[in-house]
Amino acid sequence: MTGQQMQFGIFSVGDVTEDPTTGRTPTDAQRLQDILTIAQHAEEVGLDVFALGEHHNPPFVPSSPTTVLGYIAGRTERILLSTATTLITTNDPVKIAEDYATLQHVAGGRVDLVLGRGNTGPVYPWFGQDIRQGIPLAVEHYALLHRLWRQEVVDWEGRFRTPLQGFTTTPRPLDGVPPFVWHGSIRSPEIAEQAAYYGDGFFANNIFWPAEHYQRLIGYYRQRFEHYGHGTPAQATVGLGGQAFVRPRSQDAVDEFRPYFDHAPVYGHGPSLEEFTAQTPLTVGSPQQVVDRYAGMRDLFGDYQRQLFLVDHAGLPLKTVLEQLDLLGGEIVPVLRRELAVGRPAEVPDAPTHAARVAALAAQQESEAATV
Amino acid sequence: MTNDGRMTANRRIAVLSAGLGTPSSTRLLADRLAAATVAALADRGIAAEVEHVEVREHAQAVVSATLTRFPGPDLERAIASITGADALIAVTPTFNASYSGLFKSFVDLLEPGSLDDVPVLIGATGGSERHSLVLDHALRPLFAYLHAVVLPTGVYAASGDWGSGDAAGAGALPGRIDRAGRELAALLAGRQARPVLEDALAVDADFEDLLRSLD
């Protein structure tokens, strides 16, 4: 998996939603099995990434992402497993360090994670936190997580968690290289600042707002990435979400998706499908239309490293989702790969993989040894 | 005023009106309040430009934005014209003893802080004089919450007010409108024109400072 310019994949929120065309709502058990099937099919159709959300309230099922991702790791060979997002505010950073280092070993390094704050108000008090402290929590928790993965023995004291003396997380990260981290945010420049400070990736979910909104946030992240001395703005690592519903004939896609759109938990009963597709990156139509829309993303955001699509939400039945994956893997992603490779400047880094990061660490240690 | 007598110091006044009919008495009151303010500013040698936002024209977009959390392009421009103005004149019809739901839904889309320290002239219309306290029990607390500077005089116009002239005395509608306009002009004259809103994406502190603030 080295030398991959861009990674394409899917991310799932894991919502349990009634199919508005049949009135059928899957059970939690069915939905979880469907997610497992979807992730395995994503690999079969040649996608590079499967990412899963984390939620602690119905109607969402994935409260324990590493359990689900661990199973998928055992059933797949190549696909990289990620999150969308891991709650850095309400999870104990010690547990994140342990869970995802474990997953790294189970999955042979095919793991990274997207950290987010979470915007479901009651989850904070349910986990003993205060939503008004969202940013300080994200800052302190990540600072600790970053150290736990890099420093063998940690002495630590902070505002939000019980102190640690002589603490070592176990298992240690695979090959001494922690999972790559993306910081996700919809509107907080502090999180873009955090991603830039550490030289980590920045992920914009790019679903609910106009692309121009994320454009400013990503521009800011790239600028600050340079400020903190990690490289040029073009060398920062950027991931984008997106949303598509595809059928070979454009009108079929619109007709089939409309009832799901009109009843979707987030935007349903609000804007029309036409308004929402005009104003946000949601694209409903033929494979060529999706290619055109997403090939244009780099004009807004610069050449980037990862593109994830949301395809399994709003009550869409499993059969339909698998067909979406066939079209994505068969007709859309191969074309996007080709088109986005054209004119990609040499300085733009490839998408992060464990193998590449292990190689980079070895090279760094070699050059350090040579200068001693 | 400059030496050659030209007006200086252009002020931007946004007018938000939430009438439902076309024409509406709410818009009529909003226009009169804007005209009175512009005239009172002119007396002080200050030019002003007025930008109207008619909530009805954004009705669908306001509901969509409430659900999706982002405004469509036209609504975004309307919101920007209000949050970027030097003063706001806000006028709503009175429905069931308060501002209209659509008016409130629009105001709900304004970001926290976007009306901080902004002079606001409040106005309301209604079928009878008996609702006139809507200004003080609904509109005034709303804009006080938003940290706006609400003028002492608000103007309520009942249907009957449109049929009474200056002969009705100092308490008649034209007199109340002029007085409100003069108050807003006096407040604006004592203030600098508002600077263009700074980029909301700029972080105040370096990340090291953010980290240290937790120690």
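Modeller: A:Tyr142, A:Tyr197, A:Tyr198, A:Tyr228 and B:Phe207 form one aromatic cluster. Rings of Phe, Tyr and Trp (its six-membered ring) pair if their centres lie within 6.5 Å; planes under 30 degrees apart count as stacked, over 60 as edge-to-face and the rest as tilted.

Biologist: What kind of model is this, and how are things numbered?

Modeller: This is a predicted model, where local features need pLDDT of at least 70, side-chain atom pairs count only at pLDDT 80 or more, and totals for chains, interfaces and linings use all residues. Residues are numbered from 1 along each chain as its sequence is written, chains are lettered from A and ligands numbered from 1 in the order in which they are written, and side-chain values use heavy atoms, with hydrogens and water left out.

Biologist: Back to the rings. How many aromatic pairs over all chains?

Modeller: The count comes to 18 aromatic pairs over all chains. Take A:Tyr197 and B:Phe207: their ring centres are 4.7 Å apart and the planes sit at 35°, so this pair is tilted.

Biologist: Where do A:Tyr197 and B:Phe207 lie?

Modeller: A:Tyr197 lies in helix α6 (residues 189–198) of chain A, and B:Phe207 in helix α7 (residues 207–212) of chain B, so the pair joins two chains. Helices (H or I, at least four residues) and strands (E, at least two) are DSSP runs, numbered from the N terminus.

Biologist: B:Phe207, buried or exposed?

Modeller: B:Phe207 counts as buried, at 0% relative accessibility. Buried means under 20% relative accessible area, exposed over 50%, partly exposed in between (1.4 Å probe, protein chains only).

Biologist: What about A:Tyr294 and A:Phe309?

Modeller: Their ring centres are 4.9 Å apart and the planes are at 70°, so that pair is edge-to-face. It links distant parts of the chain: A:Tyr294 is in helix α10 (residues 287–295) of chain A and A:Phe309 in strand β13 (residues 306–309) of chain A, 15 residues apart. A:Tyr294 and A:Phe309 are buried.

Biologist: Switching topic. How many helices and strands in chain A?

Modeller: Chain A has 13 helices and 13 strands. Its C-alpha trace spans about 65 × 50 × 40 Å along the principal axes.

Biologist: And what is the radius of gyration of chain A?

Modeller: Chain A has 20 Å; a compact globule of 372 residues would have a radius of gyration near 21 Å, so the value agrees. The radius is taken over C-alpha atoms, and the globule rule is 2.2 Å times the number of residues to the power 0.38.

Biologist: How much of chain A is buried?

Modeller: Of the 372 residues of chain A, 56% count as buried. In chain B, buried residues make up 46% of the 215 residues.

Biologist: Chain B, then. How do its elements run?

Modeller: Chain B has 7 helices and 7 strands. From the N terminus on, they run β-α-β-α-α-β-β-α-β-α-β-β-α-α.

Biologist: Where is B:Ile13?

Modeller: B:Ile13 is in strand β1 (residues 8–17) of chain B. B:Ile13 counts as buried, at 1% relative accessibility.

Biologist: Which residues does B:Ile13 touch?

Modeller: Not counting residues up to four places away in sequence, B:Ile13 touches residues including B:Thr37, B:Leu41, B:Val50, B:Ile89 and B:Leu188. Contact means heavy atoms within 4.5 Å.

Biologist: Which peptide bonds are cis?

Modeller: One cis bond joins A:Thr170 and A:Pro171, with omega about 0°. A:Pro171 is in the loop between β7 (164–167) and β8 (180–184) of chain A. The bond from B:Thr22 to B:Pro23 is also cis, with omega near -5°. B:Pro23 is in the loop between β1 and α1 (25–43) of chain B.

Biologist: What is the phi of A:Ala314?

Modeller: A:Ala314 has a positive phi of about 60°, although it is not a glycine. A:Ala314 is in the loop between β13 and α12 (318–341) of chain A. A:Ala314 is buried, with a relative accessible area of 2%.

Biologist: And B:Ala97, what phi there?

Modeller: B:Ala97 has a positive phi of about 70° and is not a glycine. B:Ala97 is in the loop between β3 (87–95) and β4 (98–99) of chain B. B:Ala97 is partly exposed, with a relative accessible area of 41%.
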